[in-house]
Amino acid sequence: MNSLIITGGQIDLPFTKRFIENGNWDLVISADSGLNFCREASVVPDVILGDFDSADTEALRYFKERYPERMEVFPAEKDETDTELALLRAVELGADAVTILGGTGTRLDHVLGNLHLLKMAMDAGVPCAIVDPHNRIRMTDCGMTLRKEEQFGDYVSLIPFTPQVEGLTLRGFAYEVEDFTLQSGKARGVSNEIRGDAAVIEMKSGILLVIEARD
């Protein structure tokens, strides 16, 4: 089940509308002020959840009146963020892939928290990506292949999520390594590029953030 979470970070309206229209979504979840975008873009989520402390009053009233059965209201004082609740609900409902829109923005604390949610999804066996107009961010503990025709941006950065990533081998990149140990606390993996039709990331242990970026 291909699932989409729309949450309350920075959302570029034209990009997000186009991204949603070009996708094939089996489940759409709105988290808190992601509801504002849904109202503006005429998107009707399957699940609407959060404490709604940052949702517009008009947007909240609109969906409460028309889709009360889809609303899940949580207290403001809780352990999980609204985006985390949305991811947990997606996994609970059987998602086998999740994309998060609105997961980045000016609140770096929320951005860092959302990056950690990629680990939660990975541990649940559900591939997850955070996407905005300039970035597609994923996490892996087993490597992946990036195809040139499918890449999101011009640059590929590999950031160790664990203290180190061992046995890292990169093929098909401008900068290649063989059985390399990538350590945290350095910027060694930033701004690589795909050369050829595909690039392969292999690793023996550790966890990587894989960020495809464009200016």
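Guide: This is a predicted model. By the ring-centre rule, the count comes to 4 aromatic pairs.

Visitor: What makes rings a pair here?

Guide: Their centres must lie within 6.5 Å. Ring pairs of this kind link Phe15, Phe19 and Trp25 into a cluster.

Visitor: Why are helix 2 and helix 3 called roughly perpendicular?

Guide: Helix 2 covers residues 34-41 and helix 3 covers residues 57-66. They pack at an angle of about 70°. The range for roughly perpendicular is 65 to 115 degrees. Helix 2 and helix 3 are therefore roughly perpendicular to each other. Their axes are 9 Å apart.

Visitor: Which residues of helix 2 and helix 3 meet?

Guide: From helix 2, Leu35, Asn36, Cys38 and Arg39. From helix 3, Glu58, Ala59, Leu60, Tyr62 and Phe63. By class, this contact has 6 nonpolar, 1 polar and 2 charged residues.

Visitor: How do you know that the charged end of Arg39 sits over the ring of Tyr62?

Guide: The distance cut-off is 6 Å from the ring centre, and the charge must also be within 35 degrees of the ring normal. The charged end of Arg39 is 3.7 Å from the centre of the Tyr62 ring, and it sits over that ring. Arg214 lies over the face of Phe152, at 4.0 Å from the ring centre.

Visitor: What makes strand 10 and strand 11 a pair?

Guide: A pair needs at least two bridges. Strand 10 (residues 164-171) and strand 11 (residues 177-183) have 4, in the antiparallel sense. Gln164 stands opposite Gln183 in strand 11. Their hairpin has 5 residues between the strands, and Gly172 takes a positive phi near 85°.

Methods. Residues numbered from 1 in each chain as written. Predicted model: local features only at pLDDT ≥ 70, side-chain atom pairs only at ≥ 80, totals over all residues. Heavy atoms only, no water. Axes fitted to C-alpha atoms, helices over the stretch in contact; angles between N-to-C directions. Helix = DSSP H or I, 4+ residues; strand = E, 2+ residues; numbered from the N terminus. Parallel < 35°, antiparallel > 145°, perpendicular 65-115°, else oblique. Contact = heavy atoms within 4.5 Å. Nonpolar A, V, L, I, M, F, W, Y, C, P; charged D, E, K, R; others polar. Phe/Tyr/Trp six-rings, centres within 6.5 Å; stacked < 30°, edge-to-face > 60°.
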